[in-house]
Structures are given as C-alpha cells and as structure tokens.
Amino acid sequence: MRPGLTLRAVPDPQALAMLAADLIAAQVRAKPELTMLVATGSTPMPTYAELGNRVQAGTLDLSRVTVVGLDEYLGLEPDDPRSLWDWTLRSVIGPLRIRRSVRFGASGDPGRACAEYDAQIAALGGIDLAILGLGPNGHLGFNEPPSAADAPTRVADLTPESLVSNRAYWGQDVPRRALTAGMTVILAARCALLLVSGEHKRGILHRVLEGPPTPEVPASLLGGPGVSVLADRAALGPEDAQPVSARLDSGPDGAS
Ligand code: F6R
C-alpha cells in the first residue's frame with residue numbers, strides 16, 4: 001500500500017458507519033468547534049444517520065460544529081430540493097442539530113461564489129475534518145480527473161462517468177456543471193476520512209491504495225498522518241487480495 005495512507009478495513013457498511021461515527025465523535029470531543037467538510041452521495045449516509053442517533057440519544061453534541069458543503073450543482077434555484085445543499089440539510093444539518101454552516105452562495109456569478117466560499121473557510125481557520133466519498137472515477141467532491149493538488153475551488157464540468165452515476169438521482173436531466181471545493185481545500189484539511197463501500201468501488205479503491213498519486217485519480221493525492229481510508233470488505237475484495245496493512249489492521253470482528 002502507498003506509504004502515508006492509513007487503511008481501516010471493516011466488514012460491511014454498518015461497521016463502516018460505526019467506526020466513522022466513533023472517529024468523528026472523538027474529533028468533536030477534542031475540538032467542539034470543529035469545522036467539518038461533508039460529502040453527500042450514498043456512502044456517508046449511514047454514518048450521518050449513526051451520528052444523528054447519538055445526538056438524539058444525548059451522547060453526542062455537535063451544536064458547536066460548523067458544517068461546510070463540499071460541492072453543488074451549478075444553475076439550480078437556492079431552494080431546489082435536488083441540490084446537494086438540500087441533501088446536506090436533510091441528512092446532516094437537521095438530524096445532527098448543526099447551527100453553523102457554509103455553503104456555496106447562489107449569486108449569479110460562480111467565480112464570486114467560489115471566492116466567498118474559500119474566504120469563509122479561511123476565516124474559520126481551514127477545515128479540521130473532511131468526510132469524503134470516492135467517485136467511481138476517483139473524484140473527490142467534483143474534482144474530476146484530471147485534478148491536480150493545486151486545483152482551486154471552481155466550476156467543474158462533470159465527466160461522463162459522473163453524469164451516469166448522478167442519473168440515479170436525476171434521471172436523464174442531469175446537471176452538467178458544478179461548483180466544488182478545490183483540491184487545495186480538501187488536501188489542506190487537518191484530518192480526512194475517505195469512506196468507501198461496495199464492490200463497484202473495488203477497482204478505483206485499488207488505484208487509490210496502491211497506485212502512484214496522480215491527478216488522473218484525484219483521491220490518490222490524499223495522504224499524510226491525518227488521512228484514513230475506511231473501506232468495507234466488498235470494496236476491498238477477497239481477503240487474500242487485500243493490502244497486507246488492511247489484513248493486519250482488522251480486529252477479530254473485522255473492524256480495526
Ligand atoms: C458528493 C460528492 C461526491 C461523492 C462521490 C461518491 O458531495 O462529493 O464526490 O462523494 O461521488 O458518491 P457515492 O457515495 O454515492 O458513491
């Protein structure tokens with residue numbers, strides 16, 4: 001496996017959600033005013049649900065956390081229920097009782113929306129924790145390949161692969177452009193959890209874990225002591241095909 005990456009292997013999506021929620025809760029306990037960058041997509045939803053359960057049960061308080069949206073389709077009305085922000089409201093901000101947040105503004109000028117977004121993150125002192133999903137083409141947010149480490153917050157044209165995977169939510173009428181936190185914002189996060197689940201991610205996960213860092217697989221540019229990849233068995237593949245570190249990391253129940 002690539003040096004500088006920590007891989008935590010878990011048996012299934014539920015175990016992934018529990019481990020991710022444990023790691024997020026520990027970070028919030030250490031710094032209650034955490035600034036947290038959050039992906040939408042299907043992979044982190046069980047994690048957000050688990051965090052919501054803990055908030056509901058009174059065992060976790062996220063009320064001082066600031067949530068930052070990771071990306072947004074371009075050209076939607078601010079209250080479009082199909083927007084990624086609306087998804088963030090439903091899955092994160094509401095259930096986790098978050099009071100402070102940063103989103104891409106709906107100004108007609110995308111360049112200005114990106115500059116304001118970056119300025120708000122800078123004013124918060126940067127991102128403490130990024131919760132990320134892995135695109136089928138290796139994208140992070142909508143940093144589509146190729147995206148280098150210095151790719152800024154910007155308007156991105158979605159690749160055919162992203163358009164196809166977004167059809168699950170949009171039907172044929174998929175937006176073709178989006179605003180995304182730059183690789184600069186994501187890679188500067190003090191901690192990052194890349195959540196990966198399902199057999200359909202196996203090939204691209206292998207390139208993240210084993211391949212050389214390359215703009216052709218933006219997620220392969222993640223690395224360093226604060227970065228953990230949390231992946232389930234379906235994504236990692238058969239045990240004998242997994243990187244040695246994943247096998248060593250696994251506890252008796254498969255969780256690290
Ligand atoms: C969404 C986002 C995307 C997703 C990625 C994986 O805000 O940033 O990069 O994280 O496309 O999506 P799922 O989890 O649906 O496979």
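Begin by selecting R97, which sits in the loop between helix 3 and strand 5 (100-102). Helices (H or I, at least four residues) and strands (E, at least two) are DSSP runs numbered from the N terminus. The structure is a predicted model, in which local features need pLDDT of at least 70 and side-chain atom pairs count only at pLDDT 80 or more, while totals for chains, interfaces and linings use all residues. Residues are numbered from 1 along each chain as its sequence is written, and side-chain values use heavy atoms, with hydrogens and water left out.

Remain at R97 and inspect its backbone: phi is near 55°, a positive value in a residue other than glycine. Most residues other than glycine have a negative phi, and most peptide bonds are trans. R97 has a relative accessible area of 47% and is therefore partly exposed, that is, between the limits for buried (under 20%) and exposed (over 50%), with a 1.4 Å probe and protein chains only.

Next, select P145 and P146. A cis peptide bond joins these two residues, with omega at about -5°. P146 belongs to the loop between strand 6 (129-133) and strand 7 (154-157).

The loop between strand 6 and strand 7 also holds N137, the next selection. Is N137 buried or exposed? Its relative accessibility is 5%, so N137 counts as buried. Display a distance from N137 to D232: the C-alpha atoms, from residues 95 apart along the chain, are separated by 18 Å.

Now move to the ligand. Which residues are closest to it? They are S42, T43, D71, H139 and K201, among 14 residues that surround the ligand, each with a heavy atom within 4 Å of it. By class, this shell comprises four nonpolar, eight polar and two charged residues; Asp, Glu, Lys and Arg count as charged, Ala, Val, Leu, Ile, Met, Phe, Trp, Tyr, Cys and Pro as nonpolar, and the others, Gly among them, as polar.

Show the side chains of T40, T43 and H139 in turn. An N or O atom in the side chain of T40 is 2.8 Å from an oxygen atom of the ligand. For T43, the corresponding distance from a side-chain N or O atom to a ligand oxygen is 2.5 Å. A polar side-chain atom of H139 lies 2.7 Å from an oxygen atom of the ligand. On its own the ligand has 410 Å² of accessible area, of which the protein covers 89% (Shrake-Rupley method, 1.4 Å probe).

Select V28 next, in helix 1 (residues 13-30). V28 counts as buried because its relative accessibility is 4%. The C-alpha atoms of V28 and L129 are separated by 9.5 Å, although the two residues are 101 residues apart along the chain.

Finish at E77, in the loop between strand 4 (71-73) and helix 3 (84-93). With 56% relative accessibility, E77 counts as exposed. From its C-alpha atom to that of I93, 16 residues apart along the chain, the separation is 19 Å.

Conventions. A polar contact is a pair of N or O atoms within 3.5 Å; within protein, one must be able to donate a hydrogen and the other to accept it, and residues adjacent in sequence count only if both atoms are side-chain atoms.
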